[in-house]
Amino acid sequence: MSRPVFYMVGGFALAALILAVLSFTVFHITVLGIIFIVALTALIAFIGWMEWIRRQYAFGGGGMMDKGHQTMLSLLDFDGNGN
């Protein structure tokens with residue numbers, strides 16, 4: 001996952017937090033506040049899942065990307081000298 005995706009989902013989470021606080025304090029609409037809290041919880045879980053996926057694919061993390069590259073390179077007929 002790219003960083004802009006994290007920023008976008010984080011922005012949605014921040015908006016859900018602000019709207020939940022406003023729903024409880026300013027508008028006094030409890031049901032709407034609860035809906036925003038549920039949305040916020042789901043967005044935070046989604047961010048955590050995206051970060052876990054990102055670490056699994058990272059070259060320094062789980063190494064899935066490195067393993068994929070090594071597998072692909074092992075299938076190529078290339079001697080490293082341009083032949």
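Student: Where is valine 26 found?
Tutor: Valine 26 is found in the loop between H1 and H2. Helices here are DSSP runs (H or I, at least four residues; strands are E, at least two), numbered from the N terminus. H1 covers 3–25 and H2 covers 30–57. This is a predicted model, where local features need pLDDT of at least 70, side-chain atom pairs count only at pLDDT 80 or more, and totals for chains, interfaces and linings use all residues. Residues are numbered from 1 along each chain as its sequence is written, and side-chain values use heavy atoms, with hydrogens and water left out.

Student: Why is serine 23 called buried?
Tutor: Its relative accessible area is 1%. Buried means under 20%, exposed over 50%, and partly exposed in between (1.4 Å probe, protein chains only). So serine 23 counts as buried.

Student: What does serine 23 touch?
Tutor: Serine 23 is in helix H1. Leaving out residues up to four places away in sequence, serine 23 touches His28, Ile29, Leu32, Gly33 and Phe36. Contact means heavy atoms within 4.5 Å.

Student: What makes phenylalanine 46 and tryptophan 49 a stacked pair?
Tutor: Two values. Rings of Phe, Tyr and Trp (its six-membered ring) pair if their centres lie within 6.5 Å; planes under 30 degrees apart are stacked, over 60 edge-to-face, the rest tilted. Here the centres are 5.9 Å apart and the planes are at 20 degrees, so the pair is stacked. The structure holds 1 aromatic pair.

Student: How far apart along helix H2 are these two residues?
Tutor: They are 3 residues apart, so about one helical turn separates phenylalanine 46 and tryptophan 49.

Student: How do you know that glutamate 51 forms a salt bridge with arginine 55?
Tutor: A salt bridge needs a side-chain nitrogen of Lys or Arg within 4 Å of a carboxyl oxygen of Asp or Glu. The closest N and O atoms of glutamate 51 and arginine 55 are 3.2 Å apart. The pair therefore qualifies.

Student: Why is arginine 55 called exposed?
Tutor: Arginine 55 has a relative accessible area of 54%, so it is exposed. Arginine 3, at 37%, is partly exposed. Glutamate 51, at 22%, is partly exposed too.
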